[in-house]
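Here are some exercises to work through with the sequence and the 3D view side by side. Try each task yourself before you read its solution.

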Amino acid sequence: MIGRIVRSADFERVLGRPSRARSNHFAVHHLSARPSMPAKVLSTAERELSTGDAQQVHSPVDELPPDACWLGVVVPKRHAKRSVTRSLLKRQIRAAFDQQPSLPPGLWVVRLRSPFDRKLFPSASSEALRAAARDELMQLVSRVLNSRSKP
């Protein structure tokens with residue numbers, strides 16, 4: 001299972017690194033680290049409640065092991081004007097990475113670096129756009145995995 005990067009500090013850390021692989025429309029960045037923890041602690045964990053019994057501090061249910069992968073997706077409006085297109089591309093990115101169990105652990109960010117040509121893909125959510133994005137992402141992910149295996 002791949003977690004999601006949600007904190008802007010994590011996006012900045014990963015995007016500050018050079019891209020690991022590029023295609024015509026996408027770039028992949030990687031950082032061998034875990035996501036940063038939120039700075040604020042829940043108020044019930046730091047003091048006793050008036051109900052008497054002390055609160056037990058539990059770990060979050062969705063906490064992933066240290067060797068897990070976290071994925072962040074950046075699809076800016078300047079490259080995909082329609083929200084339908086941005087959503088389609090985000091789903092395709094997540095699907096391409098969910099199918100790869102052999103990714104090295106750490107933080108991964110995939111960003112759209114140039115728009116798809118609207119003359120070739122006039123519909124915001126067409127099967128042609130979906131297939132083109134899927135094919136390009138699968139090639140990009142395989143390139144990332146192949147570059148990792150080379151010395």
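Two strands pair if DSSP finds at least two bridges between them. Keep that cut-off in mind, and remember that this is a predicted model.

**Exercise 1. Find out how many helices and strands the chain has, and in what pattern they follow each other.**

Solution. Step 1: count the elements. The chain holds four helices and five strands. Step 2: walk along the sequence. The pattern reads β-α-β-β-α-β-α-β-α.

**Exercise 2. Decide whether S2 and S3 pair, and say how they run.**

Solution. Step 1: count the bridges. Two bridges join S2 to S3. Step 2: compare with the cut-off. Because at least two bridges are needed for pairing, S2 and S3, with two bridges, do pair. Step 3: look at the directions. S2 and S3 run antiparallel. Ala21 has Val28 in S3 as its bridge partner, and a hairpin of three residues links S2 to S3.

**Exercise 3. Work out the order of the strands in the sheet and name its edge strands.**

Solution. Step 1: write down the order. The five strands form an open sheet in the order S1-S4-S5-S3-S2, and the pairing is mixed. Step 2: go to the edges. Strand S1 (2–4) and strand S2 (21–22) are the edge strands, as each pairs on one side only. Step 3: check two pairs inside the sheet. S4 (residues 69–74) and S5 (residues 106–112) run parallel and are joined by six bridges; here Trp70 has Leu107 in S5 as its bridge partner. S3 and S5 are also joined by six bridges, but they run antiparallel, and His30 is partnered by Trp108 in S5.

**Exercise 4. Is S3 enclosed or open to the outside, and which residues lie on each of its faces?**

Solution. Step 1: recall a general rule. In a regular strand, side chains alternate between the two faces of the sheet. Step 2: sort the residues. Phe26, Val28 and His30 are on one side, while Ala27, His29 and Leu31 are on the other. Step 3: check burial. Both sides are covered, and all of these residues are buried. Step 4: conclude. Since six of the six residues of S3 are buried, S3 is largely enclosed by the rest of the structure.

**Exercise 5. Find which residues of H1 are buried and what covers them.**

Solution. Step 1: list the buried residues. In H1 these are Asp10, Phe11 and Val14. Step 2: see where they point. They sit on the same side of H1, because they cover an arc of only 100 degrees around the axis. Step 3: turn to the other side of H1, where Ser8 and Glu12 are exposed. Step 4: look for the cover. The cover over the buried residues of H1 includes S3, S4 and S5.

**Exercise 6. Is Val84 buried, partly exposed or exposed, and which residues does it touch?**

Solution. Val84 belongs to helix H3. Step 2: use the cut-offs. Buried means under 20% relative accessible area and exposed means over 50%, so Val84, at 41% relative accessibility, counts as partly exposed. Step 3: look for contacts. Leaving out residues up to four places away in sequence, Val84 touches Ala124 and Ser125. Step 4: consider the distance. Val84 and Ser125 are 41 residues apart along the chain, yet their C-alpha atoms are separated by 6.2 Å.

Methods: Residues numbered from 1 in each chain as written. Predicted model: local features only at pLDDT ≥ 70, side-chain atom pairs only at ≥ 80, totals over all residues. Heavy atoms only, no water. Buried < 20%, exposed > 50% of the residue type's maximum accessible area, 1.4 Å probe, protein only. Arc of directions from axis to C-beta. Contact = heavy atoms within 4.5 Å.
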